[in-house]
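Dear colleague,

I am handing over the structure below, and I would be grateful if you could look through it before reading on. My notes on what was found follow directly after it.

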Amino acid sequence: MSNKIESRDISIIVQGQLFKSEHSSTLDVLQSIRKYYPNAEVILSTWAGSEISPLYQSLCDQVVLSDDPGDGSYGKPPLNINRQIVSSKAGIDKATRTYAIKTRTDLIFTSDSLASFMGLTLERTPEFSLGFGHICVADFSTRSHISGLKVPFWVCDFVYAGRKEDVKKIFDVNLYTKNDFEYYLTHPKPDYMYRQSDVFQYTPETYFAYNYLKQGRDIPFENSYDNNSIAMELYGNLLINNFIVLGEEQLGITSLKYHLPIHPPRKIMTYPKWSKLYLEKYDFVIPKPSLFQDQFEYLKYKWNKKRKSSFK
């Protein structure tokens, strides 16, 4: 059953460093929110010392400034996980509405379609169900456990949308320590690690999803590339019972920083793939994906690769 969530019932937390490129900025993000979610509570959560102009402030109900915890990464790639934890928590803690959307300072809204997916009350199996309901997430970097790398718990951390208590629980995790950033400098590294140069144990995408979905369970899962059979089977059930994986069209959100899709559709869990997995388990009416959605996304990806463009 679906009832579109009214914007007055939503807190939107815009999290991260203020974004600015040649053609766009976080100002455009805030204006897009006011356009499509006019009565939402808008919370900008960024860093102390940021210059927040009166125009920015006029578009926000609250501006939350936190001390920057910095990036403790060892080498590359950088992991801004502590920054995301700190600024997301600080923003969500100020939220007063029933529903919450955690988004980023470089993601612009193109419609209010996400509100319809947030209003879905889907059939779930109690054994595998957490919180009040499904959390909507983006497919932008959500890896598939059925194709590509075939890894569990790798869920894009750009957007989390659902009941405020559930979104808040996503960030109810410990900050990364020096040992977390440098885990495989002191532990034997498995041969199956996709990138042998990585020394951290979990990517941010995996860290948030794994900690949220494993609540009350002992799931063997050594690192982000660990696809042991126990973890894979549990993840398959936990995914469809707790997350709805959405693409640009369903989210009504696109990136000001990246050309989407970031990865080819065969490597990620797209909305058409998620829908198929869900309908294999449950006889429930859910919004149908657009015809040839994955094929269209593949053509967009190939075009971006041809132009050799990742960033805008």
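Strands S6 and S8 run parallel and are joined by four bridges, and within this pairing isoleucine 135 stands opposite phenylalanine 243 in S8. Please keep in mind throughout that this is a predicted model. On S8, Phe243 and Val245 point one way while Ile244 and Leu246 point the other way, and all of them are buried.

The buried residues are Pro204, Glu205, Thr206, Tyr207, Phe208, Ala209, Tyr210, Tyr212 and Leu213. What do these buried residues pack against? Their partners are the strands S6 (135-138), S7 (160-163) and S8 (243-246), together with the helices H3 (81-93), H5 (164-170) and H9 (229-242).

The next point concerns open space. The largest pocket has a volume of about 1,400 Å³, and of the 45 residues that line it, Pro78, Arg104, Phe158, Lys257 and Tyr258 are the closest to its centre. The elements that give two or more residues to this lining are H3, H8, strand S4 (99-104) and helix H12 (293-306), and H3 gives the most, with four residues. By class, the lining of the largest pocket divides into 19 nonpolar, 14 polar and 12 charged residues.

The second largest pocket holds about 240 Å³ of space, and of its 18 lining residues the closest to the centre are Met118, Leu120, Phe132, Gly133 and His134. Here the elements that give two or more residues are helix H4 (113-118) and S7, with S7 giving the most, at three residues. The lining of the second largest pocket has 10 nonpolar, five polar and three charged residues.

Leaving aside its neighbours within four places in sequence, leucine 185 is in contact with Tyr74 and Val199. Tyrosine 74 and leucine 185 are 111 residues apart along the chain, yet their C-alpha atoms are separated by 9.8 Å.

With kind regards

Technical notes:
Residues are numbered from 1 along each chain as its sequence is written. This is a predicted model: local features need pLDDT of at least 70, side-chain atom pairs count only at pLDDT 80 or more; totals for chains, interfaces and linings use all residues. Side-chain values use heavy atoms; hydrogens and water are left out. Buried means under 20% relative accessible area, exposed over 50%, partly exposed in between (1.4 Å probe, protein chains only). Contact means heavy atoms within 4.5 Å. Two strands pair if DSSP finds at least two bridges between them. On a 1 Å grid over the protein atoms alone, a cavity is a set of points where a 1.4 Å probe fits but cannot get out, and a pocket is an open set with protein on both sides within 12 Å along at least five of seven lines; lining residues have an atom within 4 Å of a point. Grid points are joined across faces, edges and corners, and a volume is the space filled by probe spheres set on the points. Ala, Val, Leu, Ile, Met, Phe, Trp, Tyr, Cys and Pro count as nonpolar, Asp, Glu, Lys and Arg as charged, and the others, Gly among them, as polar.
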